[in-house]
Amino acid sequence: MKRLEFLKQEVETLKAESRFIQPHVLHNAQDAVCNIDGKEVVNLTSNNYLCLTTHPKVKEAAIKATQDWGIGTAAVRTIIGTTTMHEELEKRLAEFKGTEGALVIQSGFTSNTATCQSLMTSPDDVLISDELNHASIIDGGRLAKAKKKIYRHSDMEHLKQILEDPEVRKARRKMLVTDGVFSMDGDIANLPAIVELCEKNDCIIMVDDAHASGVIGPQGRGTVAHFNLKGRVDIQIGTLSKAFATIGGYVAGTKALKEYMQSVARPFLFSSSHPPSIIATCLAGLDVIYNEPQRLQKLWDNAKFFKEELKKAGFDTGASQTPVTPVMVGDTLKAKKFSAMLFEEGVFALAIGFPTVPLGKERLRTIVTAGHEIKDLEKAAAAFKKCGRALGII
Ligand SMILES: Cc1ncc(COP(=O)(O)O)c(C=O)c1O
């Protein structure tokens with residue numbers, strides 16, 4: 001196609017700038033140790049925190065739901081894409097999050113964009129966002145009609161200045177949005193301070209707990225439960241694609257929030273609903289979360305073990321407080337080389353470069369799961385040390 005010729009040049013530019021992406025390919029099920037690009041490796045890359053991808057009860061639930069309900073609904077939720085199972089999942093997610101209601105939306109990404117877009121509808125509104133928030137929150141801000149104010153990462157003094165700015169005070173509505181756990185750094189938002197500041201300044205609080213749901217707090221209920229802030233955070237976003245290991249997102253909050261969102265949220269209105277098998281895996285996943293607390297314990301034991309091994313070896317693991325542990329490199333090409341060398345050693349840890357993280361903050365991002373055994377983590381730590389030394393990172 002002649003009219004698309006320019007894309008060849010664009011791809012060359014991406015390659016020259018080390019921004020070209022070619023996805024790696026799984027050759028078997030996503031697991032703690034699995035076959036990636038034809039090689040068996042210790043997988044330190046997925047968000048499969050509780051290792052539910054291959055859990056027999058979750059797989060069984062998907063098969064049974066397909067047999068009972070068929071493969072899909074062939075409709076958006078508001079037409080005829082809502083089954084009794086969708087309703088049950090929303091009830092149970094609300095209970096999980098300690099809220100009056102929850103609305104399941106296509107993905108975590110669209111849950112964030114839909115919420116920002118649906119609540120921030122006027123130039124007289126102000127959306128206040130941490131500078132390291134996820135891309136879906138940034139895009140949510142682009143779709144919102146509100147003015148945007150960005151505060152330096154977790155800088156509560158800066159946030160206070162913004163909230164007390166006379167222009168911001170005059171806003172019709174104010175909403176603060178923060179990741180609960182920052183996806184590239186693994187640090188936890190300072191929710192107690194955020195809640196205090198927002199309560200004083202009448203600002204709605206929205207927390208994206210994509211990397212916290214199923215991971216942090218009692219029974220993995222997320223950052224709000226972790227900090228004992230039930231009833232003080234207006235909106236909790238969750239994903240069903242990380243600890244739940246399937247696909248989807250949800251918005252949890254008041255009954256009115258659910259009712260409003262189901263009437264106006266564009267992805268909910270204009271994109272089809274999840275197949276019954278997906279909803280069944282989420283319901284079964286919740287059962288596993290409640291009935292097998294040892295998974296959460298093992299996740300944190302593994303995270304602690306691996307982080308300590310990396311630190312002992314001299315790596316900079318940033319501000320991580322969770323199973324997401326960055327290994328700082330500070331240069332895109334070196335990070336890519338590090339990742340490639342680790343792969344040769346049978347360890348998969350992906351390099352993350354600009355624009356996903358700021359220039360100079362390039363890194364490998366690692367996530368351990370409940371499925372890793374200590375021997376896997378020892379193998380990974382040994383490979384990190386060997387390759388890190390060879391590259392002069394430690
Ligand atoms: C913080 C955060 N929010 C939202 C998302 C999007 O979630 P999903 O993959 O369910 O669309 C991600 C996933 O990368 C994330 O890390």
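One definition to begin with: a helix here is a DSSP run of H or I, at least four residues long, and helices are numbered from the N terminus. The model itself is predicted.

With that, take helix α8, residues 191-200. Which of its residues are buried? They are Leu191, Ile194, Val195, Leu197 and Cys198. An α-helix has 3.6 residues a turn, so residues three or four places apart point the same way. After α8 comes Asp202, and its phi is positive, near 55°.

Next, a sheet. Three strands make it up, in the order β1-β2-β11; it is open, and its pairing is mixed. Strand β2, residues 39-43, runs parallel to β11, and two bridges join them. As for Val42, its bridge partner in β11 is Val347.

Last, the second largest pocket. Its volume is about 260 Å³. How many residues line this pocket? The number is 17, and those nearest the centre are Lys97, Gly98, Lys230, Gly231 and Gln236. Helices α3 (84-97) and α9 are the elements that give two or more residues to the lining. Sorted by class, the lining has seven polar, five nonpolar and five charged residues.

Definitions and conventions:
Residues numbered from 1 in each chain as written. Predicted model: local features only at pLDDT ≥ 70, side-chain atom pairs only at ≥ 80, totals over all residues. Heavy atoms only, no water. Pairing = 2+ DSSP bridges. Buried < 20%, exposed > 50% of the residue type's maximum accessible area, 1.4 Å probe, protein only. 1 Å grid on protein atoms, 1.4 Å probe; cavity = no way out; pocket = protein on both sides within 12 Å on 5 of 7 lines; lining within 4 Å. Points joined across faces, edges and corners; volume = space filled by probe spheres on them. Nonpolar A, V, L, I, M, F, W, Y, C, P; charged D, E, K, R; others polar.
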